[in-house]
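Welcome! Take a look at the model, then read on.

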Amino acid sequence: MWVALYQLALRFCPERFRKAYGLEMLDLYRQRLQRARRRGGFFARLYCASSGICDVLITGFLQRISHQRVPDREPTSIGKGDPLIHRLLQNMRLTFRGM
């Protein structure tokens with residue numbers, strides 16, 4: 001029952017995220033449930049199951065928000081005026097200036 005609810009909650013994540021991590025997340029959830037069954041009683045299983053479902057719902061929400069704000073880019077492309085490169089160059093200038 002808990003695994004079916006988790007699979008349903010996993011559908012809240014974007015499809016691209018589910019394809020990349022869904023099976024691994026489901027496997028980890030099953031392992032956590034089995035460990036909770038061995039260790040404790042009803043409340044341990046309830047806590048484990050509900051925390052896993054809440055976690056995947058929050059993850060799905062955050063993935064959807066971040067997917068809307070950040071457009072898809074090629075992972076190897078560094079655009080002109082990239083903030084990381086700009087900061088590195090600025091740090092190098094300050095380092096040489098301080099020498």
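Helices here are DSSP runs of H or I with at least four residues, numbered from the N terminus. With that in mind, Ser 50 has its place in helix H3, which covers residues 42-69. Please remember as you read that this is a predicted model.

**Overall layout**

- The protein chain contains four helices and zero strands.
- Read from the N terminus on, its elements follow the order α-α-α-α.
- The chain has 99 residues, and 20% of them count as buried.

- Ser 50 counts as partly exposed because its relative accessible area is 29%, which falls between the limits of 20% for buried and 50% for exposed.
- A polar atom of the Ser 50 side chain lies 2.8 Å from the backbone oxygen of Leu 46.

- How many salt bridges does the structure hold? There is one.
- The partners are Glu 15 and Lys 19, whose closest N and O atoms are 3.3 Å apart.
- Glu 15 and Lys 19 are four residues apart in helix H2, so about one helical turn separates them.
- Glu 15 is partly exposed, with 47% relative accessibility, whereas Lys 19 is exposed at 67%.

- Leu 33 is part of helix H2. Is this residue buried or exposed? Leu 33 counts as buried, because its relative accessibility is 3% and the cut-off for buried is under 20%.
- Leu 33 and Arg 45 are 12 residues apart along the chain, and 6.5 Å separates their C-alpha atoms.
- Arg 30 is found in helix H2 as well, and its relative accessibility of 37% makes it partly exposed.
- From Arg 30 to Ala 49 there are 19 residues along the chain, and their C-alpha atoms are separated by 9.3 Å.

**A patch of positive charge**

- Which residues gather in a patch of positive charge on the surface? They are Arg 32, Arg 35, Arg 38 and Arg 39.
- Arg 35, one of these residues, lies in helix H2, which spans residues 15-39.
- Arg 35 is partly exposed, with a relative accessibility of 35%. Residues need over 30% relative accessible area and no salt bridge to be part of a patch.

- Leu 84, Ile 85, Leu 88, Leu 89, Met 92 and Phe 96 make a nonpolar surface patch of about 570 Å².
- Leu 88 counts as partly exposed, with 45% relative accessibility.

Key:
Residues numbered from 1 in each chain as written. Predicted model: local features only at pLDDT ≥ 70, side-chain atom pairs only at ≥ 80, totals over all residues. Heavy atoms only, no water. Patch = residues over 30% accessible without salt bridge, like charges linked within 9 Å, V, L, I, M, F, W, Y side chains within 5 Å. Areas by Shrake-Rupley, 256 points an atom, 1.4 Å probe, with all protein chains shown as cover. Salt bridge = Lys/Arg side-chain N within 4 Å of Asp/Glu carboxyl O. Buried < 20%, exposed > 50% of the residue type's maximum accessible area, 1.4 Å probe, protein only. Helix = DSSP H or I, 4+ residues; strand = E, 2+ residues; numbered from the N terminus. Polar contact = N/O pair within 3.5 Å; in protein donor to acceptor, adjacent residues only side chain to side chain. Lys, Arg positive; Asp, Glu negative; His and termini not counted. Charge placed at Lys NZ, Arg CZ, Asp CG, Glu CD.
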